[in-house]
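Please look through the sequence and the structure below before reading on. The report that follows describes how parts of the chain are arranged and where some residues sit.

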Amino acid sequence: MDLADALKNYFGYDAFRPLQEEIIRDALAGRDVFVLMPTGGGKSLCFQLPALLRDGLTIVVSPLISLMKDQVDALQTSGIPATYLNSTLDRDEAKARWRGLHRGEYRMLYVAPERLMLETFLERALNWKIGQFAIDEAHCISEWGHDFRPEYRELKKLRTHFPEVPMMALTATATERVRADIVKQLNLREPRCYIASFNRPNLTYQVVAKSAPYEQLLAFVRSRPNESGIVYCASRKSTESVARNLNEDGISAKPYHAGLTSSERTKHQESFLRDDVRVVTATIAFGMGINKPNVRFVVHYDLPKNLESYYQETGRAGRDGLPSECVLLFSASDVAKQIHFIDEKNESEARIARAQLRQMVHYAETRECRRATLLSYFGEDYPEPSCEGCDNCLTPRETFDGTIPAQKFLSCVHRIHARSGFGFGLNHVVDVLRGAGTQAIRQRGHNELSTYGIGRNLKRESWQAIGRELLRLGLVECAPGRFATFSLTLAGLETLRTRTPVTLTKQVDVAEKAARGRSGAIECDESLFERLRAVRRQLADERGVPAYIIFSDVSLREMARNYPTNMGEFRRIAGVGEQKLKDFAEPFLSEIRAYLTTNERRTFTNNADSLRPRRRPRLNDSQLETLRRFQRGENVDEIARARGFVRSTIYSHLLAAIECGKLPQAREQFFTPGQEKEIAAAFRQVSNGTLVDVSALLGGKYDIGLLRMFRAVATQSYAQHQR
């Protein structure tokens, strides 16, 4: 049977994906092979098909028990004799599989590295006819990899025990350094190396300033009502709380972390795979090898430790090749948390972790194309000037003339070094600029420097962001090691001497979070909110249920913002269904009415999407192409499919066309008079104007992108009438 026939017969495919056929031919020729292929690229087939076409047993080393079962079940369903050995099997099951292995009944065996490398296991394996070892998730063998596992180090002994058996190492993420380390650690002999492109063109990348993370996440998930996704959190506690809150707000979610029992993890994962729940909130314990093809979004609730982790985790979105979204919530406080954890490591591990964290922060803060930045980390060039699939390319970040703050920062670094003879870390430089009275500053006499206190006009977080950007621009450099001291590069020294203009990226005002109060996304009357919480507590206690069963904080804050005083107004509050309206409206309405007898209504600023149109001097080539297609009669879905973009991107292109006056008949092209009337009424009813709330009021009948178009048309029409 030739390769094409085997591919069709066993797996049902008519053609190989890029590089698969070459890899399989080398494997069948008995060569060692290294395979780097992105998630969804078809790595498994590279060792599964050769296993069917050669004599002997292929042993697949896999770190995850759940993945073993999934893959073996899939293979057996396809008529392929495969099995696994792990701790989930009872004694009789394990014995039966051992007998089958000794009789040569299987073509493939999945096993974890720690079990494979047991002396008793290796002694038995010497009696089998082994055709190949396939080391999956091979990056786990390298301490420079994002998921280093010590048990993988033992795999180097395979070459000693089985010197003639060829090996295949496979991974989805590895820098050049990690690739070299994998080849070295596994003692691969003149391996054929296959490096597929890291680019996932169907994924869009976005970094959002983290202000009120849960409210931001809730709005995002609510705007995608029929899509499933993964939310990665830094801690077990966060996965639990986020999942709990999502369920309170009507979104089915399950947590997944190493603190759950094995049966709980399996149950939650299977619920996600079966689409019984829409969202899994997870630590990095979840996802390696997940085969769910229709994950439409991956949200990083907290900052990943490194770009390898981030790339692999985002890679779990869109495995079916359809458009999917990757969102990272980012704040400077997350960086500080990571540094704190790194400082607890030994110096060798900490040095690696600091370098990886700097790369992660660079990705989050850059104003350049995120796809190009991500690919560059893995040594791949992205040739296009714009990927049209990341926030920086679609809506470029605002910049400003940062020459003066750059001069201040560079001068401070230079003078500190001149005074002490060596450099200091970023935080110390910032303290000097802001005139802090720390003991370290006084001991070193840095309070006597001319740069002491010249940066009091900027917040600490702003100076930290400026310092990191100057580092990215190559004007300062950071020494390796725990203290990560700053010094000027030759380019930085020249910039300081010649006062060369420096362009910096405008940073988000992180103080905005504190000013908006605890919930951030919904500013409200805090006094009334506390009184409504007391009502909720009483109702919950009477029924013996948790408080969130009555109403979520989001609902209470909206009540404390809009002051509903009758059933009609109360019905419009997010989270109020007909049953809750019947059961709970009156106690809350009574409390609000009583509050208003002694307190005035307050008006709150709109902290949702700005109602003012963005200024775009002209449409770029991609936006013009979308406009041309739309004017030829293609609808949004057709354009999105044809161009490989998500619908929201197409809407953003058309929105830009409206704001540039390129779609004068937009109203007629998008809405019937009846739809226009219905949507306009909903906007009037929702006082804070958030699109998510408008969509909810309309029963989800209209896409968020379409509502954004309506708002743009209405705003433009209003502006024209004011002229």
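Two residues are said to be in contact when heavy atoms of theirs lie within 4.5 Å. The model is a predicted one, in which local features need pLDDT of at least 70 and side-chain atom pairs count only at pLDDT 80 or more, while totals for chains, interfaces and linings use all residues. Residues are numbered from 1 along each chain as its sequence is written, and side-chain values use heavy atoms, with hydrogens and water left out.

**The protein as a whole**

The protein contains 36 helices and 17 strands, where helices (H or I, at least four residues) and strands (E, at least two) are DSSP runs numbered from the N terminus. A residue is called buried under 20% relative accessible area, exposed over 50% and partly exposed in between, with a 1.4 Å probe and protein chains only. By this rule, buried residues make up 52% of the 723 residues. Among contacts between residues at least 6 apart in sequence, 71% join residues at least 24 apart.

Strands pair here if DSSP finds at least two bridges between them.

Strand β12 (residues 295–300) is joined to β13 by 4 bridges, the two running parallel, and V299 stands opposite V327 in β13.

**Helix α16 and its surroundings**

Helix α16 (residues 347–365) has 19 residues and reaches 26 Å from its first C-alpha to its last, close to the 27 Å expected at 1.5 Å a residue, the expected span being 1.5 Å times one less than the number of residues. Its buried residues include A350, I352, A353, L357, M360 and V361. Among the elements that cover them are β8 (203–209), α14 (307–314), β13 (324–330) and α22 (460–472).

The axes of α19 (residues 403–420) and α20 (residues 426–433) come within 10 Å and cross at roughly 110°. That makes α19 roughly perpendicular to α20, since angles of 65 to 115 degrees count as roughly perpendicular, under 35 as roughly parallel, over 145 as roughly antiparallel and the rest as oblique. In this contact, K408, F409, C412, V413 and I416 of α19 meet L426, H428, V429, V432 and L433 of α20.

**Single residues**

T314 is found in helix α14. Leaving aside its neighbours within four places in sequence, T314 is in contact with L203, Y205, V298, H300 and C326. R319, in the loop between α14 and β13, is 26 residues from P293 in sequence, yet the two are 4.7 Å apart in space, C-alpha to C-alpha.

Most residues other than glycine have a negative phi. E137, however, has a positive phi near 50° and lies in the loop between β5 (130–135) and α8 (150–153). N187, in the loop between α10 (176–185) and β7, likewise has a positive phi, of about 55°. The table gives the accessibility of these residues.

| Residue | Relative accessibility | Class |
|---|---|---|
| T314 | 1% | buried |
| E137 | 7% | buried |
| R319 | 24% | partly exposed |
| N187 | 36% | partly exposed |

Technical notes: Axes are lines fitted to C-alpha atoms, for helices over the stretch in contact, and angles run from 0 to 180 degrees between N-to-C directions.
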